[in-house]
Amino acid sequence: MQNPIGLDALAIAVPEGYLDMGDLAAARGVAPSKYTEGLLVSKMAVAKPHEDPVALAAKAAKRLFETSGADLSKVGMCVVGTETGVDHSKPVAAYLHRLLGLPERCRVYEAKHACFGGTVGVLSAIEWIASGAGKGRTALIVCTDIARYGLGTAGEPTQGAGAVALLISEKPRLLTIEPGLDGSYAKDVNDFWRPLYSKDAVVDGHHSVQCYLDALAGAYNSFKQAAAEMDHRDALNVARRCYHVPYGKMAKKAHRHLMALEGKTEAEADESYNLEVAPSLRIPSQVGNIYTGSLYLALASLLDTEAESLEGKRVALFSYGSGCGAEYYVGEVVKGAGAYVKALKLSQPLENRRRYTIAEYEAIRQADNDVDRKPVEAPQAAQNEVAFLGVENERRVYKA
Ligand code: COA
């Protein structure tokens with residue numbers, strides 16, 4: 001039998017400050033319950049100009065190696081999933097490769113498909129290892145994004161920023177993932193996009209919700225087909241479900257939709273939601289949408305809360321990227337994951353964040369508009385943190 005392949009380590013990174021959703025509601029003249037109950041979000045991470053997608057990716061990846069003790073010199077593939085690229089050509093992964101000091105013998109690239117880009121990296125890494133091409137090496141996948149909609153728009157309360165780093169190996173300490181046991185779905189739709197002239201996303205919000213639900217049904221049907229083809233129907237039985245989380249309520253809607261496909265009523269779906277989904281929404285509700293990393297932020301939240309009791313049980317993962325592409329797959333929590341997750345301190349980055357005022361948040365947004373032409377400035381970040389310093393001679397400069 002082939003060695004198990006899967007997720008060996010996980011770490012998250014968030015910017016140093018956030019906006020409280022109550023403050024945003026007051027500023028926009030909206031009832032706070034619309035955000036906290038209607039969207040199920042309570043805080044929204046806000047990235048300052050020096051906390052660009054490269055800096056956030058490096059912060060998450062450095063934390064992964066520090067907390068897991070994994071060996072940097074064993075990495076043979078480094079993929080960054082992002083829809084907040086810093087260049088049309090040079091990948092975020094190239095900056096990350098240098099900032100981490102990864103080996104030169106390494107396949108390094110960026111994957112873009114809206115919020116689906118990180119999952120593309122994860123599944124490619126699983127297949128890279130399964131094929132034998134990895135030759136005993138590991139794959140580092142980092143999802144990093146800054147979610148931006150226009151000020152005062154319906155999308156504004158569903159912003160966020162952050163990164164999630166994942167290490168895939170053939171000796172996974174968190175989840176085993178079986179190559180090929182996944183369900184794909186794709187369709188050309190116009191639900192959300194980020195035109196080249198704009199940092200803010202353009203979104204047909206209510207249409208995007210429907211596209212997400214259609215993709216969930218499609219990917220789930222493909223998964224059932226794959227499970228039947230691989231004589232693995234037991235893979236449909238899962239203990240917990242993590243969905244892509246643009247905002248918590250979307251995951252609740254997704255769960256109702258999936259349960260309806262299984263013939264369950266809305267009341268039955270809401271009952272199972274508390275057990276199967278709610279633990280994965282704790283961290284996302286304090287960070288907001290981080291696009292590519294949102295599903296894996298949900299997984300971090302679940303493992304942080306329940307890894308020990310889930311050992312030997314299956315977790316379903318649904319990834320959706322507008323445009324659109326989606327995948328439904330499963331992982332099995334490894335024996336010993338509970339004790340190991342404690343050492344990873346997955347939610348520690350949420351501690352000691354600063355609460356911004358509305359005026360500070362709007363000033364940060366304004367500064368971010370011109371950040372890609374900003375001349376190099378003195379470091380603003382903490383001593384040992386990677387920071388984007390500005391542009392010199394057309395080159396992006398980072399404090400390592
Ligand atoms: N108290 C409690 N709930 C309230 C409320 C209040 N005072 N006011 C409204 N709500 C509820 C609504 O009933 C609705 O719940 P439902 O979805 O279960 O029906 C929810 O809050 C959202 O209200 P709605 O009027 O639909 O919000 P909106 O038109 O302002 O936009 C989005 C919501 C998600 C479409 C918008 O934030 C958006 O475009 N986000 C970006 C795109 C996105 O994230 N898409 C997800 C799929 S990828």
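I began with Gly 180 and asked for its contacts beyond four places in sequence: Gly 180 touches Ala 226 and Met 230. Keep in mind that I am reading a predicted model here. Gly 180 sits in the loop between β8 (175-176) and β9 (182-186). Met 230 is 50 residues away from Gly 180 along the chain, yet I get 8.6 Å between their C-alpha atoms. I also checked the accessibility of Gly 180: the relative accessible area is 36%, so I noted Gly 180 as partly exposed.

Next I went to Tyr 328, which I found in strand β14 (residues 325-333). Is Tyr 328 buried or exposed? Its relative accessible area is 2%, and because the cut-off for buried is under 20%, I wrote Tyr 328 down as buried. I then listed what Tyr 328 touches, again leaving out residues up to four places away in sequence. The list includes Asp 182, Gly 183, Leu 216, Ala 219, Tyr 220, Phe 223 and Leu 258, and also Ala 316, Leu 317 and Phe 318. Arg 241 is another residue on the contact list of Tyr 328. Here I found a polar contact between the two side chains, Tyr 328 to Arg 241, at 3.3 Å.

Then I turned to backbone geometry. Most residues other than glycine have a negative phi, and most peptide bonds are trans. With that in mind, I noted these cases.

- Gly 323 and Cys 324 are joined by a cis peptide bond, with omega about 0°. I placed Cys 324 in the loop between β13 (314-321) and β14.
- Ala 114 has a positive phi, near 45°. Ala 114 lies in the loop between β5 (107-111) and α5 (117-131), and I read a relative accessibility of 11%, so Ala 114 counts as buried.
- Asn 352 also has a positive phi, near 60°. I found Asn 352 in the loop between α11 (337-344) and β15 (354-355), and Asn 352 counts as exposed at 81% relative accessibility.

Last, I looked at helix packing. Two packed helices are described by the angle between their axes and the distance between the axes.

How do α3 and α4 pack? For helix α3 (residues 53-68) and helix α4 (residues 92-100) I have an angle of about 45° and axes 10 Å apart. That makes the pair oblique, and I noted the crossing as right-handed. From α3, the contact uses Pro 53, Val 54, Ala 57, Ala 58, Ala 61 and Lys 62; from α4, Val 92, Tyr 95, Leu 96, Leu 99 and Leu 100. Sorted by class, I get 10 nonpolar residues, no polar ones and one charged.

For helix α10 (residues 294-310) and α11, the axes come within 7 Å and cross at roughly 150°. I therefore logged α10 and α11 as roughly antiparallel to each other, with a left-handed crossing. On the α10 side I listed Leu 303, Asp 304, Ala 307 and Glu 308, and on the α11 side Ala 337, Gly 338, Val 341 and Lys 342. By class, this contact of α10 with α11 divides into four nonpolar, one polar and three charged residues.

Terms used. Residues numbered from 1 in each chain as written. Predicted model: local features only at pLDDT ≥ 70, side-chain atom pairs only at ≥ 80, totals over all residues. Heavy atoms only, no water. Axes fitted to C-alpha atoms, helices over the stretch in contact; angles between N-to-C directions. Helix = DSSP H or I, 4+ residues; strand = E, 2+ residues; numbered from the N terminus. Parallel < 35°, antiparallel > 145°, perpendicular 65-115°, else oblique. Left-handed = near helix turned anticlockwise from the far one by under 90°. Contact = heavy atoms within 4.5 Å. Nonpolar A, V, L, I, M, F, W, Y, C, P; charged D, E, K, R; others polar. Buried < 20%, exposed > 50% of the residue type's maximum accessible area, 1.4 Å probe, protein only. Polar contact = N/O pair within 3.5 Å; in protein donor to acceptor, adjacent residues only side chain to side chain.
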